[in-house]
Amino acid sequence: MTTTDIRNMVSRYQEEMIRLRRDFHQHPELGFQEKRTAGVIAEYLRTVGVSIQEGIGKTGVIGLLSGKLPGKTLLLRADMDALPIQEQTGAAYASVHENIMHACGHDGHMAILLGTARTLSELRNAFTGTVKFVFQPAEENLGGAREMIRDGVLENPRVDGAFGLHIINQIPVGMIAYRSGAIMAAMDSFMIRIKGKGGHSAMPEGGIDAIAIAAQVALTIQGLIQKELSPLTPLIVNVGSFHGGTAANVIAETVELTGTVRCLDEQVRKSIPGRMERILRGITTSMRGDFELEYSSGYPPTFNDVRMTELVRLLALEVAGADSVFEVPPTMASEDMSFYLQQVPGSYFYVGGGNADRGYCEPHHNARFDFDERALEIGATMLTSIALSYLNSTK
């Protein structure tokens, strides 16, 4: 079966995918609260002959579809959660919930995977092995993938490979982007509490100014850590909040800083807490203060397997054409698809959703984000083609 044949099959469900996407968009739910969303997904999977497991990773849904003979198991993943944003698109299918919006394309991802499930259900005699359709909650900073893995999503049957996609408006609709190796960054967070000694601002010798120490810390950790590494090492250390002090004439006793660290290299990532602690100790000691550091590991880098990414590239060429497929540079944004790809080989790629002529040009997490729905057909064609090719391959 050619990719043209597959796309012709998928195209029959384009209107259905649009309907599903708009329903999800109109009824968004935040991470680990996706109960209605999960119910719609489960019911749809039942109707197309896919067996389901519910409540995986709290609100996640797994669909299982077996082919004509036993074989490998492939995981295809879509994220389900929305964001706490008040929608401003003005679309007829805009969110009915105040301050909750699908502003990252997850509504499209779910519709794509449901369209893929329906297509593959019709083609179950055309492949060997099993497809796991994973509808995952809480991608937005809550680590829903980690919860699904804890609940056994990679077992029974054991997953051999994993693929996922993301609709993005930085790429015009009709285009597909891929990358081997690290495609998205790790995301960690930190909280630093600077400890000084309160006092009267007119008598600074009696106090230890936590604000002065914290200001030095904020400026130093955002630059000095990078100075210790190769200038070719992608790394971001950002202080995002700075809270301290109670009055203009009082020397602040404590200040709290919070921030994020993003990098593409796992070894660099592991070195950051030690580097940060050494810098903090040096500054606070020299300025007579003290500190506490709480460093939390978040999402690891999203790392694409070379062989799996080559499969994506070759099929993308067939689906979109040579002029519409390209290798994308890595981004410092993060994605919890990374947890699956730590465990099994796979690849995560981008499907274009942008169309400036129709106003689909806003970035993710923007209150006016929307995308060209022709991306649904392209995404489902890609996932269906990947499943058939991977599962029928002897490698």
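**View 1. Strands β6 and β15 run side by side.** Strand β6 (residues 176-178) is joined to β15 by three bridges, and the two strands run parallel. Look for A177, whose bridge partner in β15 is F326. A quick word on terms: two strands pair if DSSP finds at least two bridges between them. Helices (H or I, at least four residues) and strands (E, at least two) are DSSP runs, numbered from the N terminus. This is a predicted model, where local features need pLDDT of at least 70 and side-chain atom pairs count only at pLDDT 80 or more, while totals for chains, interfaces and linings use all residues. Residues are numbered from 1 along each chain as its sequence is written, and side-chain values use heavy atoms, with hydrogens and water left out.

**View 2. Eight strands make an open sheet.** Follow the order β1-β2-β4-β3-β5-β16-β6-β15, and you'll find mixed pairing. At the edges sit β1 (51-56) and β15 (325-327), each pairing on one side only. On average, neighbouring strands here are turned by 25° against each other, direction ignored. For angles, axes are lines fitted to C-alpha atoms (for helices over the stretch in contact), and the values run from 0 to 180 degrees between N-to-C directions.

View 3. Check S189: what stands opposite S189 in β12? That's T260.

**View 4. Some charged side chains pair up.** The whole structure has 28 salt bridges, each one a side-chain nitrogen of Lys or Arg within 4 Å of a carboxyl oxygen of Asp or Glu. One of them links D79 with R77, with the closest N and O atoms 3.7 Å apart. Are D79 and R77 buried or exposed? Both are buried, and buried means under 20% relative accessible area, exposed over 50%, partly exposed in between (1.4 Å probe, protein chains only). Another salt bridge joins R158 to E155, where the closest N and O atoms are 2.6 Å apart. R158 is partly exposed at 38% relative accessible area, and E155 is partly exposed at 36%.

**View 5. A salt bridge ties a loop together.** R358 and D372 meet through their side chains at 3.5 Å, N to O. Both lie in the loop between β16 (346-354) and α11 (374-392), so the pair ties together parts that are 14 residues apart in sequence. D372 is buried, with a relative accessible area of 1%. Elsewhere, salt bridges that share partners join R21, R22, D107, D370 and E373 into one network.

**View 6. Here's the largest pocket.** It holds about 460 Å³ of space. It has 22 lining residues, and the closest to its centre are H166, M184, A333, S334 and H364. Strand β5 (residues 161-172) gives the largest share of the lining, four residues. A pocket is an open set of points on a 1 Å grid over the protein atoms alone, where a 1.4 Å probe fits, with protein on both sides within 12 Å along at least five of seven lines; lining residues have an atom within 4 Å of a point. The volume is the space filled by probe spheres set on the points.
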